[in-house]
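Welcome! Take a moment to look over the sequence and the fold, and then let us walk through them together.

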Amino acid sequence: MAYGGGGGGGGGSGGRAIRVLNVAEKPSVAKAVSGFLSKNQQGGLRVRDGRSRYNRIFEFNHTINGQPCHMSFTSVTGHLMELDFDDRFRRWHSCDPVDLYHASVRKFVPEDKSDIRRTLEEEARKCQWLILWLDCDREGENIAFEVIEVCTQANRNLNIWRARFSALIEREIQNSLQNLVRPNQLFADAVDLRQEIDLRIGASFTRFQTMFLRDAFMINLATDDRNLVISYGPCQFPTLGFVVERYWENQSHEAEEFWTINCTHNTDEGTANFKWMRGHFFDYTCAAIVYEMCIQEPTVTVTEIKEQEKLKYPPLPLSTLELEKRASRFFHMSPAHTMKVAEDLYQAGFISYPRTETDRFSEKTDLRAIVFEQQGHPLWGSYAQLLLNPEAGLWRNPSSGRRDDKAHPPIHPTRFSPGESGWSRDHHRLYELVVRHFLACVSQPAKAAETSVEIDIAGETFSSSGRVIHAKNYLDVYTFESWGGSMIPTYTLGQQFMPTTLTLDSGVTRPPPLLSEADLLTCMDKALGQMQRCMSTYRSCLIDIMQ
């Protein structure tokens with residue numbers, strides 16, 4: 001990669017140090033990266049205040065591909081700019097809500113971010129390079145171009161680079177600095193488009209709903225002190241639809257009584273519970289007639305025996321959605337709280353970037369090195385040692401999912417910790433989930449032998465099955481899941497016996513349960529997948545038509 005020239009601010013020749021402005025997405029990231037890069041550098045790390053008291057400036061010397069650099073490292077706090085309508089469209093009664101779909105919009109730095117903007121402008125004027133250390137996803141790319149816009153207004157000759165990293169660990173930070181790339185305008189434009197769509201749809205529907213309901217119910221906004229804004233969000237509202245739809249299904253359910261026949265058989269080896277293959281009858285008379293037939297000829301004949309090996313496979317590598325679902329299911333943590341804790345762990349360097357759609361590891365990832373770092377843990381260290389022992393035969397290359405966002409690997413541990421003193425209970429639990437999930441991914445599936453037995457009573461078929469786990473494998477470390485094993489007595493084909501119990505039992509149908517957070521995330525993911533498939537089909541049709 002040639003660092004000179006591009007953009008007019010190339011590195012100087014003759015070994016003269018150039019000034020580089022580095023910008024991170026958060027103050028904590030700026031501090032962490034500066035700490036890594038200033039280590040063992042002449043002059044060490046120096047800190048001074050910027051215009052914003054929350055966004056300090058770290059200074060140190062470094063060398064990038066042989067080019068001496070004087071580094072100034074500061075940060076923003078998420079998005080630097082906001083998107084809104086021009087002033088003449090911002091008042092609710094200034095236009096019809098439908099006009100907001102073609103009203104002009106502008107992106108600007110709000111007043112509460114003006115100190116950060118001034119810091120960037122002042123530092124940019126003194127520098128030749130700008131290196132962007134924003135999160136490596138589309139949102140981060142959009143923030144990067146917000147920083148670029150502010151800095152280039154102060155210095156049009158900046159040579160602009162992008163550092164791409166997925167974990168706040170020293171080796172990855174050092175590697176990203178020596179392999180800088182150009183920022184991606186298309187990724188940033190995609191976020192601008194999404195923001196504009198959200199703004200136009202959300203604002204127009206919110207205004208329409210609020211004013212329509214105000215007029216329909218004759219509410220006086222001037223005298224009523226309640227918050228009467230009926231807001232609409234393009235993302236949140238469809239999500240609410242899943243919740244409401246399931247609620248309606250739950251409330252509209254009418255319980256209906258049914259009857260079923262159950263059979264048990266006790267032996268010295270245990271008890272077998274046989275289920276009626278018809279399931280149940282809603283008509284009591286029909287159920288009673290069949291039951292009487294069974295009572296009159298109760299002799300049981302074993303008609304079929306099936307024995308087969310069963311495997312329970314480890315989970316796929318961990319994506320953001322799966323992290324949220326599993327944290328909700330295992331720990332009852334909300335998705336928002338899960339991501340807050342995950343961000344803390346990421347910024348402290350303990351896990352990789354937690355916002356990723358990827359559920360497959362690259363062939364270049366050194367999976368064994370990640371396992372090696374976990375050998376000293378008091379809870380799962382012995383399992384990690386067993387994974388690395390070839391004689392144990394426990395290792396298995398992880399399965400690959402279908403998604404790869406091309407920006408980040410699946411979520412995995414990046415630094416060993418037996419548990420930090422400053423961590424909350426949720427920090428401990430989420431770090432444990434990430435580590436155990438990763439160790440499970442590179443493990444053999446659990447193995448069991450399953451036996452299914454079918455019997456005949458007066459022409460009616462019943463079945464029972466039992467499972468014996470032979471090797472737990474990944475379940476030994478992934479303690480959040482279980483695979484129940486139950487023994488049933490040994491039977492032979494054609495064997496006859498008398499049932500221990502043969503009963504006609506009643507029950508009632510139950511409504512579908514209300515959605516849990518994990519269920520809701522699954523519904524959202526399924527709907528997104530359907531939409532993506534439709535878009536793919538639509539694109540294919542367009543291509544065919546154009547050809």
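A disulfide is counted here when two cysteine sulfur atoms lie within 2.5 Å. By that rule, the structure holds zero disulfides. Cys294, for example, is in no disulfide, and its nearest cysteine sulfur, that of Cys263, is 8.9 Å away. Cys294 is buried, with a relative accessible area of 0%; buried means under 20% relative accessible area, exposed over 50% and partly exposed in between, using a 1.4 Å probe and protein chains only. Cys441 also counts as buried, at 2% relative accessibility.

A word on where this comes from: this is a predicted model, in which local features need pLDDT of at least 70 and side-chain atom pairs count only at pLDDT 80 or more, while totals for chains, interfaces and linings use all residues. Residues are numbered from 1 along each chain as its sequence is written, and side-chain values use heavy atoms, leaving out hydrogens and water.

Now for the interior. A nonpolar core is a set of buried Ala, Val, Leu, Ile, Met, Phe, Trp, Tyr and Cys residues joined through side-chain atoms within 4.5 Å. The largest one has 65 residues, and Leu37 and Trp133 are among those with the most contacts inside it. Helix α13 (residues 425–441) gives this core its largest share, eight residues; helices are DSSP runs of H or I with at least four residues, strands are E runs of at least two, and both are numbered from the N terminus. A second, separate core of 23 residues includes Leu21 and Ala188.
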